Protein chains: 2
Amino acid sequence: MAQTLQLDDLPDLARGAAVLGTGGGGDPYIGLRLVSAELERGRTITMLDPDEVDDDALVVASAFMGAPTVVIEKIPGGDEPVLALRRLEAHLGRAADAIIPMECGGLNSMVPLLVAARTGLPIVDGDGMGRALPELQMETFGVYGVSGSPIAICNERGHVAVIDTGPDNESMEWYARGVTVRMGGVSYIAEYPMTGAQVKETAIPRTMTLALQLGRVIRQAREQHRDPFQALVDCLADTLYGHGCTLMEGKVVDVERRSADGFVRGTARIAAYDGSRTVELTFQNEHLMARDGDQLLAIVPDLITVLDAESAAPITTESLRYGQRVRVFAISTPPIMRTPAALAVFGPRAFGLDEDWIPLEKLAAG
Amino acid sequence: MAQTLQLDDLPDLARGAAVLGTGGGGDPYIGLRLVSAELERGRTITMLDPDEVDDDALVVASAFMGAPTVVIEKIPGGDEPVLALRRLEAHLGRAADAIIPMECGGLNSMVPLLVAARTGLPIVDGDGMGRALPELQMETFGVYGVSGSPIAICNERGHVAVIDTGPDNESMEWYARGVTVRMGGVSYIAEYPMTGAQVKETAIPRTMTLALQLGRVIRQAREQHRDPFQALVDCLADTLYGHGCTLMEGKVVDVERRSADGFVRGTARIAAYDGSRTVELTFQNEHLMARDGDQLLAIVPDLITVLDAESAAPITTESLRYGQRVRVFAISTPPIMRTPAALAVFGPRAFGLDEDWIPLEKLAAG
């Protein structure tokens, strides 16, 4: 049922989306401030359940694109993602009826809300990744037949590129990344123009309300001095995702991070407090794999997320620092992201990892 | 006066345009074959004098973009530049009334003719560089106030990007180059949409008929066993360009060439047959500077072109080979390309050369 997002919802939503963001999708704080300012100014945001979207409505995915390390140095003004939408609409010759997030993530759950607040368009409760993933072809929209292009890409200087690669979403990503790199490493996009019927077939449904719930149970557990990690596990059990578990707790002892080709790639090592084991995380904007020596603990598209060991506050890959005390938490991926078609696009081998996907539940069961 | 280009005109036009192309603008042979095939198929090309273009006509510049070394490995099918035009028209919501070449050059005088032949649109006798130059902001259209964008860029796979940077033509070049690199190093563009009135104010006029004349006098001199270089000098004397001269004759003894960032940069050294002197040419797609040790012989925007020592056939920078016997020929640039505004955009310092422009006539006079 359509609901109106409240100012008080936003911190919970941003927190929960950052949990699902698996280290990527941008810093939640920046996005939270931008959207809060809109609501404080009296603007409203209506969120539609996917089932409420008209089959012939035009829905457009909204996001920032680029290296999260750059976003925190080059904070958006707020007009950029609206400009991208407007230019895509002009290109299509049709106005959008609703916005949908591209992915879950701290900033990338907020960018579409910003567009919704500024344009008055409703936002669809769902997204195209069910987490964050680093490349634009890695969306369930595309996996299940929607063309990502035409895509509009813009920056804070009002420069716009509209790219059309027909049904070839990998080429769309390739050119869009090139433009984003030349825009200074971050851009704002409007992509995957689709019908309401396509949203119902291809989106991961109700991930915004899930993010809101996850963020809320973390906050409530903190307030009530309960274990926020247990609250997460309990909350996830009743969702499409199903399984959540702590992979390990310890201290960040090493972070290696490099920005190239528009991505931030690297590894982080987390050592148990007693030094008994070390887990290595591999990331490309988002965490892709967690290993304990030879032992695989979790792998993409299952979600690997790093949370503060006390507060369960999500920590993005660009914010990982030596000495942080963290829990590495994993969440099993929903069925729509486990099909052969989905795994071909965002399974481990799509990232050059020489591993097959093994479901988290199976790995966790030993 | 409007004229219809004849099949027999094309080899002369391609040859003369490649002389003005200063080593760039693409291999003339490929373009010649493509356009000849159109005329053999019964299509016609009407060429308009700039004065004949209606002031409110929509005129679009047409070209290939990228490294000439790539074009000879990735020969165009012919649909690419038409697709770029059609997508720009769709973006503008208005059909073009005429085409204008972006630059003079072997292939880049032919690409707009191909578009003219395939679409039936007339081609304007003029261009935006009066020679070839490596970057899109280096057009007199832009120097005198026309926005280069929106620009449509496409490749042989039907991938299209439409880029809009408002009046910022340098940024247009920056993004368009990035897309071109990701398209494999060569693309086809439609850019600088402008009115007929703007064409009259900003284009270098009648460079196609000049190219036709230059190519013709070379051929006729060969046929009549006269000196083709003297024929060039005589022909240029009565034009906007005015001054042409041989800088030196000798053998190519060294070529250093590297493809990076979408350009071919390098140097070529030409030694006199008796070894008495060596001239070094610096190029970025096109020849930029000719030096004999400390002595400057010619520098951009004056035209430096390498011609076969016997036949005066133009040799593009990507075709320079050890052992070729060549003349290095220079042509003074027209007045519209010598203003402070023009020199700021395509004078020596725009290429990172630590030199001021000294007119060829002055250098040649010693």
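User: Which residue is the bridge partner of A:Ala161 in S8(B)?
Analyst: Happy to start there, with a predicted model in which local features need pLDDT of at least 70, side-chain atom pairs count only at pLDDT 80 or more, and totals for chains, interfaces and linings use all residues. Residues are numbered from 1 along each chain as its sequence is written, while chains are lettered from A and ligands numbered from 1 in the order in which they are written. Strands are DSSP runs of E with at least two residues, and helices are runs of H or I with at least four, numbered from the N terminus. In S8(B), A:Ala161 has as its bridge partner B:Ile163.

User: In what sense do S8(A) and S8 of chain B pair?
Analyst: Two strands pair if DSSP finds at least two bridges between them. Here strand S8 (residues 160-164) of chain B and S8(A) share 5 bridges, and the sense is antiparallel.

User: Which element gives the most to the side of chain A that touches chain B?
Analyst: Contact means C-beta atoms, placed from the backbone, within 7 Å, and 16 residues of chain A are in contact with 16 residues of chain B. Strand S8 (160-164) and H7 of chain A each give two or more residues to that side. The top contributor, with 7 residues, is H7(A).

User: How far apart are the centres of domain 1 and domain 2 of chain A?
Analyst: The bounds come from an automatic or database domain assignment, which gives domain 1 (3-205) and domain 2 (226-364) in chain A. Taken over C-alpha atoms, the separation of their centres is 23 Å.

Note on methods:
Contact = placed C-beta atoms within 7 Å.
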